[in-house]
Amino acid sequence: MIMLNYIASFFLITLGLYTIVTKHNLVKTVIGLSIADYGVNLLLISIGFNPGGTAPIFTWSELNPASFFVDPIPQALTLTSIVIGACVTAMSLALVIKLEEQYGTTDTREIRRLHG
Amino acid sequence: MSSVMNALSYQHFPIYAIMVLFLGAFLIVVFGGNRTARNILALLSITASLAFILALVKPVMWDGEIIAYWMGGRVPAGGYAIGIALEVDALSLFFALLVSVAVFVSGVYSIQYMRHDDNEREYYTLFLMLGGGVMGLVLSGDLFNMFIMVEILTFAAVALTAFRNTAKGALEAAFKYLVVGSIGSTCILVGTSMLYAQAHTLNLAQLAQVIPGNLNTATKVAFALLFVGFGTKAFIVPFHPLAADAHGAAPASISVMISGVLTKSGIYGIIRLTYFLFQTMNLGTMQFLLVFIGSLSMFVCVTMALAQHDFKRLLAFHSISQIGYVLTAVGLCTALGVSAGLYHAMNHTLFKGLLFLAAGAVLHETGTTDLGKLGGLSKKMPYTTVLFLIGAFSISGIPPFNGFASKWMIYQATYQKAVESGNIGFLLVTIIALVTSVLTLASFVKVSQSVFFGQLPRELENVKEVPFGMRFAMAIFALLCVLTGLFPNLVTTYITEPAARAVFSVAQYIGAMGFDASGVAAETAVSFAHVGVWEPISWLLILCIALLSVTIVAVASKYDRVSQCSGEAVDSKYELFYGGEAQEFSQVGGGDLFWGFKHNWRGYFDVMHRLHSGVVNDYALWAVVDLALVLLFSLIVL
Amino acid sequence: MTIVITALQYLGYVLIFPGFLFCFLAGMLLCGIDRKLVAKMQKRVGPPILQPFYDFFKLCGKETIIPASASKTTFLMAPLVGLAALVVIQLFIPVFSFSAFSGMADVIVILYLLLIPAMSIILGGAASGSPYAGVGLSREMVTIISCELPLVLVLLAVAKTVGSAMGTGLCFSLSDIAAYQAMNGSLITKLSMIPAAVAMLLIIPGETGNHPFDAAEAETEICEGLLAEYSGAPLGVFKLSHAIKMLTLTSLFVALFLGGLGTGIVALDGIILFLLCVVLTAVSISFVHAITARLKIEQIFKFYWTLVTGLALISLVLAWYGL
C-alpha cells in the first residue's frame, strides 16, 4: 500500500523532470516544476505515515508509550514544502509574464540571449 | 538582571547574527519608505550581524568551543533530537565570517550604487534576506533548516538577479536560475526526507552518528541527491552556465553576494555532507569525485572565461573556476588541503568581491560592461583601476597578493597528496591548477587592456570617478586582499587551520550536541606541514629596497624629464615624424586578443560554445544527467 | 651594532652581489656576447661586446615622450617595477652554495615571481594605448602561457627527483636543491633530468622573448609591440630588464641542473656562474637565434605545448618512477 505511494511519488518527480527537460514552453516548464514538487510532497507525507496511526495531536498527559500515531515531523515539513512550492510557482510565473513581454515568445529555444 | 546577562552570553550570538538580518529585512519593508531610514536600518543590521560573528571568533575559533544551541531550550529527549538546533563549530564560523564580511561590504557599496534604481526598499529587503539565508545555512545544525535557508537564499538571489529587469538578459537569467535552482532544491529536499526516513532525525550531529554505520541503498541515493543539490548552489560543473548568467545580469553588489557567499554555501554543504554526515572522505573514490569535479570546474570555466566579451560574465566564469580550486583542495582530504581550500575560499570572497565591485563601478559610470565598447578608463577612473588591478593580481595568483598564498598552498597540497598516495592522477591536478592560474592571468590581462588601458572611446570622454562610498567598499576588500596575502602564516594559524581542524573533528561535532560519538573514529592527528617556503614580508621588503634604489637612480638621472603629447598641438620639432594625418581611434578589442592560443584550441572552443547553448532545457538536462551519474557513482562506490 | 652590520650586509647583497651591480654588468655583458656570437654565426662582424652598455647610456640621455592616450604613472612606473622585481628574483636564486636570500622563496614562488616582470611590461604597453602594444600584449601573454606549462613540468620533475633522493618525498626549496647537488653532483647527470634540461634550454629563449620566439615584439611587423611607444630612459630600463632576464633564466638553469660545480669561494662562484650563463646563452639563445626564422604566435604555442611539454613530461614520468 505505502509502496504504491513511493512509486507514485518518484514517478511524479521523474515526470516533472521529464517535462522540464523536454518541453520548450515556459509555462510547461513551470508546470514541470510543480509536478516534481507534488511528487516530493507525496514522498514526504508517505514517509511519516504509519498504517493505523492516529493524528499526532496530544497533550503531555495523554501521551503514553502505547499511543500510536503518524510521524508529525514530515507533516510539518510537507506544509513548509507546499508553501515554498507555491512561492516558486508564483515567482516563475511572474518571470514568465515579464519574459513574454520582453521577448514576445514563450519558447525556451528563443530565449537564449545569454549563451556561450 | 540575570536574564539580561544571560541574553548577552555569546551562546546566543549565532541566532542573533541570523535574526538581525531577517529583522532588518522586515523592518525595511515596514519603515523603509524614507531613504535615510532605509540606509540606517540596512547598515545597522549588517553591522550588528558582523559584530556578533566577530565576537564569536575567540571562543569558537581560537578556544575550540562548539556552540550547541537548541531553539527554545528543547534539548534532545530519549536520545532523539526533537528541537531545532544551531551548531557552530570553527568550520561554520569560518563561513559565517565570510558571509558577514561580504554582506557588510556589499551593503556599504549598495548605498551609493543602487541610489538611482527604483524599488530600493525591495532591494534591501531581498538583500538582507539573502544574507540571512546564507548565514542561517552555515550556522544551522539541522538538515531541514538548511533546506529552508537554501530556499530562502535561492529565492532572494533569483529575485535580485531579475531586479534590474530591463537590463539585457536579467529576466532570462533569473528564470534559468530559478528552474535549475529549484531542481537542486528539490534534490536537497528529497535527500533530506530519505535520510529522515532512514535515521528518524534531522539533526546533523545525530545523522552523522547514525548514518555512516548504516549505509543502505536509500542513504546512498540520498547522498547523491544532496551532493547534486548543494552542487547547484555552488555552481560547480555542470551548473556553471547559470552562474555566468546570474552573476552577469544581477547588480554588481548582488554578484558579490552570489559569487562570494552563495557559492560558498554550496561548498559548505558539500563539506558537511561528505566529511560529517557520511564520513566517506577517506575513500579514494570519494576524493576522486570531488577532485575530478573541482579540476573540471576550474579548467572548463577558465577557458570559457577567456572566450567571454562581457566584463561581468567573464568574472562569473572565473568565480566558478576558483570554486573549482576550493573543491579540489577540499577533496584531497588532507589537513593541508582543507586548510588551503578554505584559505582560497576566503580569498575568493575577497578578490572576487573586489572585482565585481570594480565591474559595478565601471557599469555605474559608463552604463556598459561590454569589453568591446570600453577602454582607456585608467585616466578617468584611476582609483578604480588600481583597485581592479589589485583584485586581478590576487585572482591570478601574482605574489604577494592573497590569491598567490592560497594557490601556492593548493599546489603543494595536491603534489604532496600525489607523492604520498603514489597516485599520478593528483600530479595532473597540480598541473591543471598551475595552468589554470596562468590562463586566469591571461583573461585579466585582456580585461585590463580592454577596459582600463588602451584608448578611450569618444563616448566615454565625460566619465568620472565613482563616489567615495563605492571606493571605500572596494578599498576594504583591496586592503583585506593585501593583508591576507602578506601574512599567510597568521591567516592559516588563526583562521583556516582551526576551521580545517574542525573538519577532521567529527567526534567532537557529534559529542557537542550531546550524542554518543563512540562509534566515530576519534580525531586523527592532523598535520599542516608543507615543504615550500615563502616569506612575503621579506620579499616585499627587498622589493621595496630594490624599487627605491631604482627609483632614486631614475629620478637622479632625470628619468621623469618627459613631454606628454597632447594629441592636437604637437611640438613643431616632431613634425618631421608625422605625415600630417589625424590621430585615429584604434583599440584592439578584447575578443581579438590571444588569437594564437584560441586558434590552436578552436575545436575545443567550438564544442564548448555549442554546449553552452543558453536553452533552459539543456541546462536542466545537464542537471538530470549529472544527478544520474552521481547516483550511479554513489550506488557503486559507497 | 650587529644589526647595522647585518643590515649593511643585506643591503650589499641587494645592491652589489648578487643584486643590482652584478645583474647590470653580467646581464649587459651576456647580451653583448649574445649579439656578437649571433653575428659571428651569421658571418657578420657584429657590434662590440660593450654595445649594450653604450645603448643603455645613450637611451638614458634621450628625451622621453609619452603618447597622448597613455596613462602617465603606469607608463613610467612599469619599467622600474619590472626591473626591481627581476633583481629580486636573481637574489632568490642561489649562486651554488652561496645563497643571499634563497631560503625565502621556493621554485613555485620563482615561477610566479617571473610573471611580475612580464606583467610590468604588459601593463606598461597596455597603458601606452597604442594598438601595436595591444597586439604585442596579446602575443606576449600567449608566449607566457606557452612557456608556463613546460616550465611547470620541469620544476615539478626537479622537485620530485630531489625530494625522493632526500627522502622527503618532494622538495621545492632552491637552497635544498643546491645543497643536494653540492653533495651528490649535478642533477643533469641523472637520466631522468636530461629531457627536462633540454626542455628548459628551449624555454629560456621563449621566456626572455628572444628570436625565434619574439613574435611579441616582432620589429618588422608590429614595431616592437609593447615597446612601440617607449622612448628614452624607460626604454633603456626595459632593454636592461631583458638583458637581466637572460641572466636570471640561465642562472635558474644552473641552479636547477648544474649545481655542485661551485668552489665555495663566493667571488669565484660568481665568475663560474657567469661563465656557465655565457655557455648556456650561447647554446640556447644565440645558436637558436642564428639558425631559425621567427615563428608565428600560434606556432610558438603549438611548439611549446607539444614538443617541449612532451620532453618535460617524459622527464616527470621518469622522475616519478625514480629513474
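In this predicted model, the contact between chains C and B takes 68 residues from chain C and 65 residues from chain B, where two residues are in contact if their C-beta atoms, placed from the backbone, lie within 7 Å. Residues are numbered from 1 along each chain as its sequence is written, and chains are lettered from A in the order in which they are written. Local features need pLDDT of at least 70 and side-chain atom pairs count only at pLDDT 80 or more, while totals for chains, interfaces and linings use all residues.

**Chain C against chain B**
- Elements of chain C that each supply at least two residues to the side touching chain B include helix 1 (2-15), strand 1 (64-66), helix 4 (72-92) and helix 13 (297-320); helices (H or I, at least four residues) and strands (E, at least two) are DSSP runs, numbered from the N terminus.
- Helix 7 of chain C gives the most to this side, with 15 residues.
- The side of chain C that touches chain B holds 50 nonpolar, eleven polar and seven charged residues, with Ala, Val, Leu, Ile, Met, Phe, Trp, Tyr, Cys and Pro counted as nonpolar, Asp, Glu, Lys and Arg as charged, and the others, Gly among them, as polar.
- Leaving aside residues up to four places away in sequence, C:Val88 touches B:Trp539, B:Ile542, B:Leu543 and B:Ala546.

**Nonpolar core**
- The largest nonpolar core has 404 residues, of which B:Leu354, B:Leu357 and C:Val88 touch the most other members.
- Helix 7 (residues 131-166) of chain C brings the largest share of this core, 20 residues.
- Such a core is a set of buried Ala, Val, Leu, Ile, Met, Phe, Trp, Tyr and Cys residues joined through C-beta atoms within 7 Å; buried means that 20 or more other C-beta atoms lie within 10 Å of a residue's own.

**Helices 7 and 8 of chain C**
- Helix 7 of chain C packs against helix 8 (residues 174-184) of chain C at an angle of about 60°, with the axes 11 Å apart.
- The contact involves C:Val158, C:Val162, C:Ala165 and C:Met166 of helix 7 of chain C, and C:Asp176, C:Ile177 and C:Tyr180 of helix 8 of chain C.
- By class, this contact of helix 7 with helix 8 of chain C has six nonpolar, no polar and one charged residues.

**Chain B against chain A**
- Here 35 residues of chain B are in contact with 35 residues of chain A.
- Helix 7 of chain B supplies the largest share of the side of chain B that touches chain A, 14 residues.
- That side of chain B has 20 nonpolar, eleven polar and four charged residues.

Terms used
Buried ≥ 20, exposed ≤ 12 C-beta atoms within 10 Å, placed from the backbone. Axes fitted to C-alpha atoms, helices over the stretch in contact; angles between N-to-C directions.
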